Amino acid sequence: MLKRALRAARKQCSVLIDATRASSATRKIGVAVTNDDPLHPHNVRPTNPSIVPATSPKPKQCFKATRAALAVVEIVDHIASFLDAHDLLAFSRTHSFAFHAIAPRIWRRLPSLQPLVNLLPPDLDGLEDNLPKRWTFYTRQVNEITFDECDARNQFPIPWTIFQHMANCKILLPTLESVIWRCNTARCATALLYFVNDDTLRQLDIGLSDYFSVDIPEARNVLAALTERNLRLVSCKLRMLEDTPLEHPVGDGLMHAVVKFLSSITTVRDLALSPSLLSQDVFEALAQLSNISSFTIVGRDQSRSWPATITQVERPEEASRLPFHSLASVETLHVGIATCNAMLQRSQLQVLSNIKVWTTHLPQPQALVDFIGAVGLLPQLKSLSLSVSAAIPLEHDRREFALPAAALQPLFACTRMTALELFLACPTILHADDAMRMARAWPRLRLLRLAGAGCENIGFRSRLTFSTLLDFSETCPDLRVLQLDVNADLTGIDVEQLHHCSAQVMAKRCRLDHLDVGWSWWAPHGPSTEELTDALLDIFPHGYMELKWDMQLPKHILKRWRDVRESVNMYQ
């Protein structure tokens, strides 16, 4: 019987495919449609009948073939992937088979607890022993659940006691893989344990309010219960929900519970913590995790946090550093550079290849120099991104916060570098020799962004010419994105020789996709728009290139660069 059903489904699907091809062919050659039913195949009159298929499917056959196609789970799921939440619900109500095929997609991610509460019957007596059938059907589809106590979608009475009794009798969500939990009260923090499935949970994101920073017993109990379950987590985020530094440091009891919990999740690969939850004991516990590959610090620094104390200690010897043998990526958000610098100086990082620092604290130039010096000791480094989103006080001179070009010299030892991004409060002034040393040190470079905020004066910017672009294109053939302060200056370039160079020389140049000339200067007596366009097309002859610049340039320079971009796009 099964083989017969499969043969019938194949025949019906082939009829649907033939009908689709016939309709597409008529659309290509042009058709004349009557006023009765535009979608009916019998009312379509071909303008060139000689190239239309001789046979066309009947309406009844098309209808049957459509029903057969909608009986295939893969086809229904593919259609559902293009629908939003409202249309997805409407589609699921069209047919029973469509409902069963789309239900896993609808219930895969729950943004709140409201859908689960709606599944509970009005009469809750004896519910712990006899769960309704619809609860069993729908909860088997849930893979991810999000609960935010401050979210308006959760501002309704939640029967926590009922969920607790149900969890004591049966696993509430048997296929749950990810939990995102934001709680501001002790009752909601404890409720997390009702939904955690020890066997299937792989991602856990817990956000605790400032209320728990004074060492509330419920928070310690939740972490202790999670520790006893020996979860096989792959990703874990444990952070405080503070927008400003905590008024009081986290209690010792809660910190001890954090250490025990981190020591129990030996399978974790991606880990994120708040800086207020960092301590020497926590750091030592992280070093014992043999599978951790990505570590993120998210939150605001506080005056008595771990980084402020550890950075006062001199760099330890190699034997006394904490071993992070598998850590490949480090990321810090909002916190100061001292946090990441402290971790680099106190750890053995043999395979660390990616560092990303985004800070809202204005660092001193010496702090930047120390950080780059620590990064330069990582032989496997491939990507470095440092972004300072802070304004320089008006009473200070901008040049006091400028990073000198010589400070980048320790990075020349990282010969595997493929991406370097420096967005500083004040730009680094580069000369042609500095740029070429960077190109020769990183021949595998694919992305280079060196930018700075403000400093509209041309004296505070690099004075690179188009000859530097030419040298970069030949030294770094893999370069795709370049952002430098490059002036509209063709000094040192033989335009005729550049235009008539051989095909072998052109093949060695990079395929640049994105060029940002930053705060470039275009002298009134400089090259014309046509000359600059020809130079760009000769230096980067391969494919399409997006040209950008700083929008704060003078209007007459902006207009010239717009003309160059239009000309480049026209020729490419």
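# Close-up views of a predicted model

View 1. His 334 is partly exposed, with a relative accessible area of 23%; buried means under 20% relative accessible area, exposed over 50% and partly exposed in between, using a 1.4 Å probe and protein chains only. The model is predicted: local features need pLDDT of at least 70, side-chain atom pairs count only at pLDDT 80 or more, and totals for chains, interfaces and linings use all residues. Residues are numbered from 1 along each chain as its sequence is written, and side-chain values use heavy atoms, with hydrogens and water left out. His 334 lies in strand S11 (residues 329-334). Helices (H or I, at least four residues) and strands (E, at least two) are DSSP runs, numbered from the N terminus. Although His 334 is not a glycine, its phi is positive, about 75 degrees. Most residues other than glycine have a negative phi.

**View 2. Asn 230 in a loop.** Asn 230 sits in the loop between helix H10 (217-228) and strand S7 (235-240). This residue is not a glycine, yet Asn 230 has a positive phi of about 55 degrees.

**View 3. Strand S16 and its surroundings.** Six of the six residues of strand S16 (residues 447-452) are buried, so the strand is largely enclosed by the rest of the structure. Leu 447, Arg 449 and Ala 451 point one way from S16, while Leu 448, Leu 450 and Gly 452 point the other way. S16 pairs in the parallel sense with strand S15 (residues 419-424) over six bridges, where two strands pair if DSSP finds at least two bridges between them. Leu 450 of S16 is the bridge partner of Leu 422. S16 also pairs in the parallel sense with strand S17 (residues 481-483), over three bridges, and Leu 482 of S17 is the bridge partner of Leu 448.

**View 4. The β-α-β unit of S15, H16 and S16.** S15, helix H16 (residues 432-441) and S16 make a right-handed β-α-β unit. A crossover is right-handed if, with the strands pointing away from the viewer, the path from the first strand over the helix to the second runs clockwise.

**View 5. Helices H4 and H5.** The axes of helix H4 (residues 85-92) and helix H5 (residues 96-106) come within 8 Å and cross at roughly 150 degrees. H4 and H5 are therefore roughly antiparallel to each other, the term for angles over 145 degrees. Axes are lines fitted to C-alpha atoms, for helices over the stretch in contact, and angles run from 0 to 180 degrees between N-to-C directions. The crossing of H4 and H5 is left-handed, meaning that the near helix is turned anticlockwise from the far one by less than a right angle. On H4 the contact is made by Leu 88, Leu 89, Phe 91 and Ser 92, and on H5 by Ala 98, Phe 99, Ile 102, Arg 105 and Ile 106. Contact means heavy atoms within 4.5 Å.

**View 6. Helix H17.** Helix H17 (residues 466-475) is mostly covered, with seven of its 10 residues buried. The buried residues of H17 are Phe 466, Ser 467, Thr 468, Leu 469, Leu 470, Phe 472 and Ser 473.

**View 7. Pro 541 and its contacts.** Pro 541 is found in the loop between helix H20 (529-539) and strand S19 (546-548), and is partly exposed, with a relative accessible area of 25%. Leaving aside neighbours within four places in sequence, Pro 541 is in contact with Met 506 and Arg 509. Pro 541 and Arg 509 are 32 residues apart in sequence and 8.0 Å apart in space, C-alpha to C-alpha.

Notes. Angles under 35 degrees count as roughly parallel, over 145 as roughly antiparallel, 65 to 115 as roughly perpendicular and the rest as oblique.
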